[in-house]
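Hi,

Here is the structure I promised to pass on. Have a look at it first, and then read my notes below.

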Amino acid sequence: MTSISPDAIRAETVMITGHGGDVIEAYQAIPLAPGRRGGVVWIHHMPGYDRETKEFVRHLAVAGYHTICPNLYWREAPGADPDDAAAASRAAGGVPDERLVGDVAGAVEHLRALEGANGKIGVIGHCSGGRHTVLVACSMKVDAAVDCYGAFVVEDAPEGMPKTMKPILDLVPNLSCPLLGLFGNDDIYPTPQSVATLDAELTRCGKDHQFHSYGGAGHSFFSVDRPAYRAEAAVDGWRRIEEFFAKHLAG
Amino acid sequence: MMCTYLTEKIAVEGSGKGATGWFSATEATVYVDHPVHAPYGHTVNVDVLSPALGASARVALELTEETALALADAIRRAVASAPTGIASRDQ
């Protein structure tokens, strides 16, 4: 009898029901070995539902989680190349916050219905997905959230930015779960000062959180396909992400 | 560094050639953000689009700021050196 190796996964495109009952595309990766597992919603960055984001999804599945990334641009650009879809979404004014929360809620329902789901849910995202992660964790009950260099949580956005991208610091009292924050000290969106402001507000509200800011790293330091990649920060960041989810999504 | 999110958007009259051939363009966006292909952290990105024809009706540029500004200057010089109005919508 052969057993299924713990790193065996199935990764594929599925359709889920998102905000407003809309059926949208999502990329899902799940471990094949039997067991009770937590689920993670990966919120893709502004450049879209791209190959690198799908790689992150598979990474977390190999780490043991049912993981799914909804295509936030499906409505504007069904079936388009990720870069074309991101351009179309940008030209259309970006993703409204309410729709984002609805799409993630749909992804959460999908994860909870998977065989072996233990009911625990994590959310994670980079860049605009970092802000979206904080938004989701302040808008619905989840069990763990990871904000990787999300901007415009604290600071006002420059003029001309989509109106949907407003600060959400006032939502911090509603945070429903522990928050892990990973930032680069050389970033300017968010600046170390903005990170410190968010940190202080979380502390003031008595919210469980741990922030780590890396020296010599700026925005996008997890992106292996970009010049901003910083191996030391990314390797340590991944270690912290896996530890954090192992602690909060077990059971 | 950053995602700027800031997007300049203008209406467009004319045509562009994208991955699926020529199309009539209706708008263009200009923004500084991460490129998909150019080997830089950030570039000036220009998309000429026709949303009604779908997301693939798109001509995309990812330029360094020096190049983008030189392109803008070159466009102004080319227009200035031609007879006034010859390429206008009211030609």
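A:Y149 sits in the loop between β6 (144–148) and β7 of chain A; helices (H or I, at least four residues) and strands (E, at least two) are DSSP runs, numbered from the N terminus. Its phi is positive, about 40°, although A:Y149 is not a glycine. Most residues other than glycine have a negative phi, and most peptide bonds are trans. A:Y149 counts as buried because it has 30 C-beta neighbours inside 10 Å. For that label, 20 or more other C-beta atoms must lie within 10 Å of a residue's own; 12 or fewer make it exposed, anything in between partly exposed, and C-beta atoms are placed from the backbone.

Before going on, a word on conventions. This is a predicted model, in which local features need pLDDT of at least 70 and side-chain atom pairs count only at pLDDT 80 or more, while totals for chains, interfaces and linings use all residues. Residues are numbered from 1 along each chain as its sequence is written, and chains are lettered from A and ligands numbered from 1 in the order in which they are written.

With 28 C-beta neighbours inside 10 Å, A:S220 is buried. The loop between β7 and α5 of chain A holds A:P190, which is joined to A:Y189 by a cis peptide bond with omega about 10°.

A:D50 is in the loop between β3 (37–43) and α1 (51–62) of chain A. It is partly exposed, because 18 C-beta neighbours lie inside 10 Å.

**A crossover and a core**

Strands β7 (residues 179–184) and β8 (residues 209–214) of chain A pair in the parallel sense over 6 bridges; two strands pair if DSSP finds at least two bridges between them. A:F183 stands opposite A:S213 in β8(A). Between β7(A) and β8(A) the chain passes through helix α5 (residues 192–204) of chain A, giving a right-handed β-α-β crossover. Right-handed here means that, with the strands pointing away from the viewer, the path from the first strand over the helix to the second runs clockwise.

The largest nonpolar core has 84 residues, and A:V41, A:W42, A:V123, A:A137 and A:A145 have the most contacts inside it. Such a core is a set of buried Ala, Val, Leu, Ile, Met, Phe, Trp, Tyr and Cys residues joined through C-beta atoms within 7 Å. Leaving out residues up to four places away in sequence, A:A137 touches residues including A:V123, A:A145, A:L175 and A:L179. Contact means that the C-beta atoms of two residues, placed from the backbone, lie within 7 Å.

**Chain B and its sheet**

Chain B has 1 helix and 4 strands, in the pattern β-β-β-β-α along the sequence. Its C-alpha trace spans about 45 × 30 × 20 Å along its principal axes, and 25% of its 91 residues are buried.

The 4 strands form an open antiparallel sheet in the order β1-β2-β3-β4. At its edges are β1 (8–18) and β4 (58–63) of chain B, each pairing on one side only. On average, neighbouring strands are turned by 25° against each other, direction ignored. Axes are lines fitted to C-alpha atoms, for helices over the stretch in contact, and angles run from 0 to 180 degrees between N-to-C directions.

Which helix packs on this sheet? It is α2 (residues 82–91) of chain A, which touches β1, β2, β3 (43–49) and β4 of chain B and makes about 75° with the direction of β2(B). Within the sheet, β1(B) and β2 (residues 21–33) of chain B pair antiparallel over 9 bridges, and B:A11 has B:E27 in β2(B) as its bridge partner.

**Where the chains meet**

The contact takes 32 residues from chain A and 25 residues from chain B. On the chain B side, β1, β2, β3 and β4 each supply at least two residues, and the largest share, 3 residues, comes from β2(B).
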